[in-house]
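The entries below follow the order in which I looked things up.

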Amino acid sequence: MTRECAVLLPGVCAALADPRQPGLDDTCLEKLLDWFRSLTWFDPTVELLQDNPCLTELITSVLALPDPSPSILSFTLQLAGILASSESRFQHLQQEKLLGRLFGQEGPRGGTAWEDASVRSAWVKGVHSMVHHQPALHLLCSTGGMDVIFALQGDPSLFVASAASQLLVHMLTFSLESETSKALSAKDCDWPACAQMIVKHIEESLQSSSASRIEQSLKLLSSLFGSCFGNCYAAWTEVLWLDIAKQIESFLLEETVQAQPVLANLLLNVARSPVFCGTEGSFWALVTSALEHLTPVQAGPLAVGLLKLCKCPQDVRIQALTVLLQPMDCILRAASQPLEYAGLLDESVSDPVTVESLLSSKTSCAGLLCQTLAYLEKLLSLKHLRVDLPCVSLLRSLMTILQFCNGFLSPTSPLGSTISQNLINSFRVQKSALDVLAALSEKKDCDTLIGSLFDVLLAYLQSPNTSPTVLKKTFQATSKWLVHLQELSCSNSQWQQTEKILEDVFRVLQKRLCSPCWEVRDSSLEFLTAMVKCLRDQKEFRQCLLSSEVLRLTENLLEDPESYVRASAVTAVGHLAFMTCFAPESPVTGSQCNKENTVAKLQEILSTDSEGFPRRAVISIFTTWLRERCTGQLEETEQFVSRVIQTVEHDLDWEVRLGGLELVEVFCSQTICQLSQCPYAPVSSAVTSSTPQNELLQVFCRAKLFGFLFRSLCDCDKPVGQRACDVLIGLRGHFYPMSTLENPQEIGDSPAGRGIAWLQRTLRQGSLAQNFPTDGGDGVDFQDPESMMLALGAIDLLELHDELNKSSDHVEESPQSLLQDILATVGTIEDNEVDCY
């Protein structure tokens, strides 16, 4: 603790204990507790209490109050727990007889204050902070504290109940830390005293007739096995599991027990423990039983969790996958009678009637399918799935779901008719199915269905009933499958099918680009951009695109009334330019699609558009062009960059200015590579005055880069200043060898030197950009190579970098500032309005 804080602390403690003072803001109190946590974390000694007796006086004073406010009592409980986290401070507080009065029977847990949930929560938090040594455990066990924690597991406040459960997990784990790592078995298990109380409580609760007690203990066990206990205390984990396994099994078989979702989570957490790595034993038989007896909704989380485990036995893994595929199998079988195709499964894990009844119900059908589809998407994203997915049948089932949802399939079976009625226009199911459909495009075995698949996708793209959000998902799935289709046609010469599908896609895209709904126009442009990024080098795609009206319609949308659409149009036009303007032999000549027109249009948007989104899109596209080296020779690129940054530096949107700095960074990197003898290393002192170096400086000065960079250092938006500083440090690293960086270049008394000295002072003051002279006042010539070389060597950019990277509230958030805020607040009549941030 600093001397300044030690001086302020007694006044703060006196104010907190004074009932006449108005209540402090809870945020101030929380930040005060955070400060004490940091103090005690690094220093376990008793000196903190000895040097600051005001802390124990505060606790004593609050305990003496006949009716302390809940906020001050809560603060005191947590503070005492934090202070008692080390054994030496615990003993000091015990000598003062304070801890028993706070956490024992004579404490608040027996009074009216206990009725306030914040006090109960603070009591639990205080105990949690304190229990880091054996004397604290002994205090709780000997003063009835354990019974209080057990009772708080069922507290009406979920925050208190959750905190109590976490505390029990911590206490059981901590109580075992002092035990030796001797081999244990179910026969010779001797739990430590505190752990024994917790285990006994769990066992008694599981055998009770109270559903709430059973559920509380199952949640506690789930948290326990899911914590480090299950991984670090293998022998104890096995002992505990053997004690409760029979009871858990009985819960699975009893339909009256309502804790099945908790049981699924518990089994999954136990399965993650290294104790059950082997395929032998009764545990996996219990998991199999759970997959059979839990409902499909309850078994889903368990099934997907098991499929992610490396050590799960293969037969259990197959059973888990079967649970997830049952609803998809049911959909496929219900689609037609008699069956045209085989289902996904040869046999079911649980009774198929259960899944059929859930899908037949309007209330449960969409929920079950959305859960199933979400899990399947998660599995498809895994790089190593240790079980084979039946991708073809799964794809067929997805297509069936999508056709049910838009009414394009009329099944003949009664079950199919019911399911289709439940799913009609279900946006949730459509979006989930399209997500899985997109994920399946990565699989190689679905080629036989690709024609039928695009029929389904095109039906969604064409239908006026497709909602904008579902249409967006359809576009995303379509773009992924078009990439897959292109790979297919390259390998097996299916040119005609590819060309037909592309023509259909562009036909519907033309229609969607003219939609009265701006979300549809926006999604259509995003889809076009995605296709161009992936397929612009493919001959069939280029031909279909250039023979359609898409180019003209996209350019028209640069003037769309909706700014989001204009931004997406900018991005689309920018990527289309790779095909129309920058291709070696551009197929589009003599039209409005030439390079000069496109650049001019985008520059006009950058300088005149009233909304930030289109301007951000323009600067992003310009940077993309520069990276791809599409802006011409060096002289042409230099002029292009100069024009852009002169526009950007006056932009009111900081993200546009930041984009301008990214453009400058790319330009600098490319120019250095182009002109320097050694493109990837700093230049040695022997060649710093060589022609390439001078030429580089002249290029950067002509492009007016340095004025933009130095003014950006003083930008009122910190990310802009930070990026500008990074670019300048990069440039200095190139122009100056590392050996000279420790001794910044001396600034002479010449006019240029005086200008640089002024610039250095201005930067240290952190002047705002609007106060920074735009004409290089006080003799700073930002277009003079010699001056800029001097500036790069003389100005301490690393010190400036550290300043810019300091938190803006590094002073205001200091403990001293917090204590001053509290002292300034106490005694005021108005509501507390101090911003302790």
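I first noted that axes are lines fitted to C-alpha atoms, for helices over the stretch in contact, and that angles run from 0 to 180 degrees between N-to-C directions. Helices are DSSP runs of H or I with at least four residues, numbered from the N terminus. The model is predicted, so local features need pLDDT of at least 70 and side-chain atom pairs count only at pLDDT 80 or more, while totals for chains, interfaces and linings use all residues. Residues are numbered from 1 along each chain as its sequence is written, and side-chain values use heavy atoms, with hydrogens and water left out.

**Entry: α1 and α4.** I found that the axes of α1 (residues 3-17) and α4 (residues 54-64) come within 9 Å and cross at roughly 5 degrees. The two helices α1 and α4 are therefore roughly parallel, a term for angles under 35 degrees. With contact meaning heavy atoms within 4.5 Å, L9, P10, C13, L16 and A17 of α1 meet C54, L55, L58, S61 and V62 of α4.

**Entry: α15 and α16.** I read that α15 (residues 234-253) packs with α16 (residues 260-271) at about 145 degrees, their axes being 11 Å apart. On the α15 side I listed W241, I248, F251 and L252, and on the α16 side Q260, L263, L266, L267 and V270.

**Entry: α35.** I noted that α35 (residues 654-675) has 22 residues and reaches 31 Å from its first C-alpha to its last, close to the expected 32 Å, which is 1.5 Å times one less than the number of residues. At the start of α35, a side-chain oxygen of D653 reaches to within 2.8 Å of the backbone nitrogen of E655.

Note on methods:
A polar contact is a pair of N or O atoms within 3.5 Å; within protein, one must be able to donate a hydrogen and the other to accept it, and residues adjacent in sequence count only if both atoms are side-chain atoms. Angles under 35 degrees count as roughly parallel, over 145 as roughly antiparallel, 65 to 115 as roughly perpendicular and the rest as oblique.
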